Amino acid sequence: MRPLATFLTLLLLLGCSQTLLLTTPIDTPTPVRTAYSEKAMVVSAHPLATQAGLKILEAGGNAYDAAVAVQFALAVVLPAAGNIGGGGFLVGRDDDGSTYALDYRETAPLAAHRDMYLDDDGQVIQGLSREGHLSAGVPGTVDGMVQLYDSLSALQRWDLLVQPAIDLAAQGFKITAAEAGGLNRLAERFRKYNPASCPLIKADGLWQEGDVLLQTELAETLQRISDEGREGFYGGLSAKYLLAEMKDAPIQEYFVRKDLNDYRAKWRTPIECNYRGYKVHSMPPPSSGGIALCQLLQLVEPYPLEDYGFQSAESMHLIIEAERRVYADRAEHLGDADFYPVPVDGLLDPAYLQQRMSDFDPERATSSTDISAGAPSPRESEETTHYSIVDTWGNAVSVTTTLNGGYGSGVWVEGAGYLLNNEMDDFSAKPGAPNLYGLVGNEANSIAAGKRMLSSMTPTVVSQDGALRMVVGTPGGSTIITSVFQTMINVLDYDMTMSEAVQAGRFHHQWTPDKVFYERGKVSEDTLYVLGQMGHSVNHRGGIGRVDAILVGLGGELEGAADPRGDDHAQGL
Ligand code: DON
């Protein structure tokens, strides 16, 4: 009986998927949180993605080449956030000091309009911008990677950069416990929007750590991207699958061919500011990240944070008050600068920032109802994942990329094998209506065809006296900005190592709701008591952010720090 049963099983498997028989699934190594190297470093949210980047560095690629390989590998091994159906931002710095910002954020499709998520009474239709076909913007990742490669590749072998992802998708890899949990949580949504053949749906029972995720359709799409570049995603068979998937959207022709043909990633000028002798380079609009980070740094710079001490009531109070003011500005003034006159210079003007803290009371919390957006001078003329890379030449890449919520819209493009984002929820569906992260917005971030939704993603590079010092960034929705800020000051003000800074507890205030959130168990009871006495509403929550960062020592030595809050992995060359 037994041999026959085995034989029949083999036949069945051959009929369904030869790949299962012909290949061996790839093991996922145990994450390493702290790594050191004199040469090069990759830190990402998954060991297999980190190793894909290292493979490219070993083959002679630079940080930009490695970034492309990590992005595509994450699309396979981290389906919650790694993506080809989403978008992202990159901030890069060459060894010669030149800096770059690449915006491959999704755009609202041509069929999108300001009131598309409102009912006849002007009320927000709950969930419409958060799941399903209508929550998706036009994906930007593949064009972003192609443009990155075309402009900055040292290796000049596109196929080599996509190959690790193809292998991971085609051979399958063993999922982590966190991934199994994520897939199980989303099971209902996957079943709602997708056929039973979607590989993210487990036919029998629950996903378990060590199960193999095999993504053959995704491997085919990646192969087309490898063979044809941009056309392999926005044209041909891939476009056909995407447009066919969109036939299920409640708005007819929600995505049309022109949306795909027209999508272009954009090179932008990074936001720059100084902080205690360091130069900070971060992401400009359509992210709020760079501006908000620079505002925070400059609002706290006049105060002796080091003397106050890490997470003393004094330092937390100051930081909370700065965060409150910065998020009020974000809600009013920030959006896609190609569509709305974002007062970038005004928001970063030292005189404006000084005046923003004029009502700061070192003893008392300000109520958010007493804080509104400031009036900066007008311009003259916002589950995600982050990775940080430094190569042997000293080039640095900081990339934050996302589908927005974990597993995005839950819509998996049948035939093409990938998930679509739900980034449209980052627009302000209606003035004052909170999005997934409780963020509110106004005209600056209203929906318009072709416009990019405001982001909080804050990929950042820090230099000092012309030398690279830090590469940092994180996922976490609205908490991204405050997590990047706090990780930076942990090193720059509180003298922590990169790993200590990444592992330290975090807290967050975003103006509205008027609450301070801190990571459960990570802030001392004394401090919490004093903050409460000052008038702050203090609330605990789960982990905030997953920071993946690299610190460069004065002699050029690299410390890679991967956040233990996830499966994040640091590895040096
Ligand atoms: O662009 C943004 O700000 C959001 N879509 C990021 C979402 C995110 O970080 C989710 N991760 N936990």
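Modeller: Strands here are DSSP runs of E with at least two residues, helices are runs of H or I with at least four, and both are numbered from the N terminus. In those terms, Pro513 sits in the loop between β16 (507–508) and β17 (516–519); that loop is taken up again below. The model is predicted.

Now the packing. Two packed helices are described by the angle between their axes and by the distance between those axes.

Begin with α4, which covers residues 63–77 and packs against α3, residues 47–58. The angle between α3 and α4 is about 150 degrees, and their axes are 8 Å apart. Angles over 145 degrees count as roughly antiparallel, and α3 and α4 are therefore roughly antiparallel to each other. Their crossing is right-handed. On the α3 side, the contact is made by Leu48, Ala49, Ala52, Gly53, Ile56 and Leu57. On the α4 side, the residues are Ala63, Asp65, Ala66, Ala69, Val70, Ala73, Leu74 and Val77. By class, this contact of α3 with α4 has 12 nonpolar residues, one polar and one charged.

Helix α4 also packs against α5, residues 141–152, at an angle of about 160 degrees and with the axes 9 Å apart. This angle makes α4 roughly antiparallel to α5. The crossing of α4 and α5 is left-handed, whereas that of α3 and α4 is right-handed. From α4, the contact with α5 uses Tyr64, Asp65, Ala67, Val68, Gln71 and Phe72. From α5, Thr141, Val142, Met145, Leu148, Tyr149 and Leu152 take part. The residues of this contact divide into nine nonpolar, two polar and one charged. Asp65 of α4 is listed in the contact with α3 and also in the contact with α5.

A further pair is α15, residues 313–333, and α20, residues 525–533. Their axes come within 9 Å and cross at roughly 50 degrees, which makes α15 oblique to α20. The crossing of this pair is right-handed. Ala313, Met316, His317 and Ile320 of α15 meet Thr527, Val530 and Leu531 of α20. Five of the residues in this contact are nonpolar, two are polar and none is charged.

Next come the loops. The loop between β16 and β17, where Pro513 lies, has a cis peptide bond joining Thr512 to Pro513, with omega about 0 degrees. Another cis peptide bond runs from Pro285 to Pro286, with omega near 15 degrees. Pro286 belongs to the loop between β9 (278–282) and α13 (289–300). In the loop between α11 (236–245) and α12 (257–262) lies Glu253. Glu253 is a residue other than glycine with a positive phi, near 50 degrees.

Notes
Residues are numbered from 1 along each chain as its sequence is written. This is a predicted model: local features need pLDDT of at least 70, side-chain atom pairs count only at pLDDT 80 or more; totals for chains, interfaces and linings use all residues. Side-chain values use heavy atoms; hydrogens and water are left out. Axes are lines fitted to C-alpha atoms, for helices over the stretch in contact, and angles run from 0 to 180 degrees between N-to-C directions. Angles under 35 degrees count as roughly parallel, over 145 as roughly antiparallel, 65 to 115 as roughly perpendicular and the rest as oblique. A crossing is left-handed if the near helix is turned anticlockwise from the far one by less than a right angle, and right-handed if clockwise. Contact means heavy atoms within 4.5 Å. Ala, Val, Leu, Ile, Met, Phe, Trp, Tyr, Cys and Pro count as nonpolar, Asp, Glu, Lys and Arg as charged, and the others, Gly among them, as polar.
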